[in-house]
Each structure stands twice: as C-alpha cells, then as structure tokens.
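I opened the notebook to record what I looked up. The entries follow the order in which I checked things.

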Amino acid sequence: MIELRHLRYFIAVAEELNFRRAAERVHIDQTPLSRTIRDLEDRWGVTLFIRAPRRLELTPAGAKLLDHARSLLIRLERARRAVQAVDARYREPLRIGVDDSTVQPRLAECLSRWGRLVPDTPVELREMHAAELLAALRNEEVDVGFSFGLQDEEAIAQQPAWHSPMVAIVSPEHELAVRQAVSWRVLMSFPAISFSSATHPGLHGQVASVLREKVLSPVIAAEARTLSGYLTRVAVGQGVGVADAEYMRTLQRSDVVVIPLAEPAHFTTYVLHKHQRLGLAEPVQRFLTHVSTLT
C-alpha cells in the first residue's frame with residue numbers, strides 16, 4: 001500500500017531534482033529517501049526518474065504522478081482544515097510569513113487591526129529570509145507573506161499592500177549631512193551601499209528601478225547582505241544609502257543622518273499568497289481584503 005510519506009518524499013525529489021537537497025527538505029537521510037522512491041517505483045512497476053551521473057530527470061510517468069500527488073496532498077490538507085474548522089475547540093491560526101527586511105510600524109498596525117476584527121483566529125508569525133519565504137509560500141507552510149518583493153514566480157501572487165517614502169541616509173560626518181533635502185543625482189554622485197539581490201531582492205530591485213528611471217549609475221562601494229550591515233556601512237562612512245522612512249523613524253539612530261529626497265520615491269510592501277486552483281481559503285481571502293483597506 002502506498003503511504004502519504006511516499007508521496008511527500010516523491011514531491012520533494014521531483015521538485016528539487018536532487019536527492020541531497022530533497023533529503024534536507026524533508027529532514028531525513030538521503031539513503032532512506034532514495035530507498036522509499038525505489039519502493040514506490042517497485043510497487044507501481046514504473047520508472048519515475050531518469051538517474052544520470054550528474055542529473056536527475058522526471059520521466060513522463062513521474063511528471064504525471066507529480067501533478068496527482070500535489071493535488072492529492074492539497075485536497076487532504078483542505079479536508080483537515082475543514083474538519084478542524086467545525087470543531088469549536090479548535091481555531092487554526094492564520095500563518096503569516098514576514099521577510100526579515102519588512103520591519104515597519106505599518107505591519108504591526110495591520111496585524112493589530114486584524115486581531116481586533118477577527119479575535120477568534122490566532123495569528124502565527126514566522127520571520128524568515130526572502131528565499132525561505134518564497135519556499136514557505138510555495139510549499140504552503142504559510143498562508144500569506146509580507147515582503148518588499150520576491151523573485152517572480154507564476155505560483156505566487158504579489159499584491160501591493162502599502163507604500164512608504166524613501167529617504168537618503170548618510171553618516172554624520174558626510175558633507176551631505178547638513179542638507180535639508182538632497183536630489184537623487186547629488187546623492188548618487190557619491191559611492192553608495194547596495195542591498196544584496198540574493199538576500200534582499202525586493203529592496204535591491206526597487207532602488208535599482210528608481211535609478212534606471214533617473215538614468216543614474218552610482219559607484220557601488222559595498223553590498224550588504226543584512227539591514228544591520230547596510231546601516232553599519234553607511235554609519236561608518238563607506239557610502240551613502242537609501243532607506244525606508246518608516247523604518248528609520250523607529251530606529252532613531254544617532255550614527256545615521258536621514259535626509260528627505262527632493263524627488264519623492266517610495267518603497268512598496270507586498271502581501272503575497274500562493275495561487276489556488278480552487279480558490280483561496282475564506283480566512284486568507286478575508287485577510288487579503290483587510291490588507292487592501294489599509295492602502
């Protein structure tokens with residue numbers, strides 16, 4: 001008899017096309033994972049993968065099983081939620097993933113209002129890096145997410161939630177620190193700190209979009225993989241930067257000077273969810289409607 005673990009392990013291997021990564025994803029050793037896939041093939045008398053020395057490919061039978069396995073597990077998960085939803089003793093939480101770069105008072109306000117609106121639905125917050133958030137949404141480990149933007153993927157919807165102004169940031173010793181406002185052209189005439197596109201694709205992409213629009217090509221003095229690293233590089237004078245005005249107001253750092261930009265621009269925070277063929281669950285749809293009222 002085929003067990004659910006056969007399908008879960010098969011999906012992991014089929015999506016990763018690598019036994020080592022799939023084993024890490026489902027938290028078992030590679031040997032029992034490979035043995036389970038062989039067992040599945042033997043039980044059904046089919047070949048699911050073409051195993052070459054340096055690559056793994058799905059056979060047509062494997063591709064067909066992947067479609068059915070995904071659909072089956074999603075239906076099973078929805079059945080579980082539906083059964084639990086009618087149990088008055090149980091309230092399933094709304095699982096919200098937050099990109100660790102999304103540190104804004106507006107997010108706390110959004111979640112506080114939701115708590116007052118729907119007090120019987122608990123919220124489970126999970127902080128993660130951008131790549132982790134994308135994987136969590138794809139694998140339905142979270143229901144919705146907040147981010148400055150992830151890499152484009154057809155399975156994931158990214159809807160604008162709200163905007164916040166961009167501001168220039170410099171060290172207190174920088175010659176621009178005494179300015180009441182600064183233009184983009186003047187700011188970017190100095191070496192700049194860039195957000196890493198790998199760890200903060202949304203912040204990197206939004207700033208890059210403004211620079212392309214204004215036909216500016218600054219000298220990049222350094223690339224930061226974390227927000228704290230970005231601010232530290234600016235504070236010690238390695239380069240100028242651009243930040244979220246709301247975030248900077250919450251920090252109130254004395255080692256970083258915030259300067260309004262003469263030509264306004266803004267960061268967009270997105271609310272994300274996975275497209276569902278049969279429609280979104282009612283709590284998720286209700287939450288997305290709630291977010292849309294905040295813009």
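**Entry 1: helices α2 and α3**

I started with this pair: α2 and α3 are roughly perpendicular to each other. The model is a predicted one, and I kept that in mind throughout. For the angle itself, I noted a crossing at roughly 100°, with the two axes coming within 9 Å. Next I listed the contact. From α2 I found Phe19, Arg20, Ala22 and Ala23; from α3, Gln30, Leu33, Ser34 and Ile37. Sorted by class, the contact of α2 with α3 has five nonpolar residues, two polar and one charged.

**Entry 2: phenylalanine 19**

Is phenylalanine 19 buried or exposed? The relative accessible area is 14%. The cut-off for buried is under 20%, so phenylalanine 19 counts as buried. I then left out neighbours within four places in sequence and asked what phenylalanine 19 is in contact with. I got Val13, Gln30, Leu33, Ser34, Ile37, Arg51 and Leu56. I also checked the C-alpha distance from phenylalanine 19 to leucine 56: 8.6 Å, for a separation of 37 residues in sequence.

**Entry 3: α1 against α2**

Helix α1 was the next stop. Against helix α2 (residues 19-26), the axes of α1 come within 8 Å and cross at roughly 135°. α1 and α2 are therefore oblique to each other. I read the crossing of α1 past α2 as right-handed. On the α1 side I listed Arg8, Tyr9, Ile11, Ala12, Val13, Glu15 and Glu16; they meet Phe19, Arg21, Ala22, Arg25 and Val26 in α2. By class, I noted seven nonpolar and five charged residues in the contact of α1 with α2, and no polar ones.

**Entry 4: α1 against α3**

At what angle do α1 and α3 cross? I found roughly 110°, with the axes of α1 (residues 4-16) and α3 (residues 30-44) coming within 10 Å. That makes α1 roughly perpendicular to α3. The crossing of α1 and α3 is left-handed. The α1 residues in this contact are Arg5, His6, Tyr9, Phe10 and Val13. The α3 residues are Leu33, Thr36, Ile37, Asp39, Leu40 and Arg43. I sorted the contact of α1 with α3 into six nonpolar, two polar and three charged residues.

**Entry 5: nonpolar cores**

I moved on to the cores. The largest nonpolar core has 39 residues, and Trp184 and Leu187 have the most contacts inside it.

I looked up leucine 187 in its own right. Residues up to four places away in sequence were not counted. Leucine 187 touches Ala168, Val170, Leu176, Val182, Val240, Gly241, Val242 and Leu261.

**Entry 6: α9**

Which residues of α9 are buried? I listed Leu227, Gly229, Tyr230, Leu231, Val234 and Ala235. Their cover includes β6, β7, α8, β8, β9 and α10. After α9 comes glycine 237, and I noted its positive phi, near 85°.

**Entry 7: arginine 286**

Arginine 286 belongs to helix α11 (residues 282-292). I found arginine 286 partly exposed, at a relative accessible area of 39%. Leaving aside neighbours within four places in sequence, arginine 286 is in contact with Trp114, Leu117 and Val118. The C-alpha atoms of arginine 286 and valine 118 are 9.7 Å apart, across 168 residues of chain.

**Entry 8: the whole chain**

The protein chain has eleven helices and eleven strands. How many of the 295 residues count as buried? I noted 43%. Along the principal axes, the C-alpha atoms fill a box of roughly 75 × 55 × 30 Å. Last, I checked the contacts with a separation of 6 or more: residues 24 or more positions apart account for 73% of them.

Methods:
Residues are numbered from 1 along each chain as its sequence is written. This is a predicted model: local features need pLDDT of at least 70, side-chain atom pairs count only at pLDDT 80 or more; totals for chains, interfaces and linings use all residues. Side-chain values use heavy atoms; hydrogens and water are left out. Axes are lines fitted to C-alpha atoms, for helices over the stretch in contact, and angles run from 0 to 180 degrees between N-to-C directions. Helices (H or I, at least four residues) and strands (E, at least two) are DSSP runs, numbered from the N terminus. Angles under 35 degrees count as roughly parallel, over 145 as roughly antiparallel, 65 to 115 as roughly perpendicular and the rest as oblique. A crossing is left-handed if the near helix is turned anticlockwise from the far one by less than a right angle, and right-handed if clockwise. Contact means heavy atoms within 4.5 Å. Ala, Val, Leu, Ile, Met, Phe, Trp, Tyr, Cys and Pro count as nonpolar, Asp, Glu, Lys and Arg as charged, and the others, Gly among them, as polar. A nonpolar core is a set of buried Ala, Val, Leu, Ile, Met, Phe, Trp, Tyr and Cys residues joined through side-chain atoms within 4.5 Å. Buried means under 20% relative accessible area, exposed over 50%, partly exposed in between (1.4 Å probe, protein chains only).
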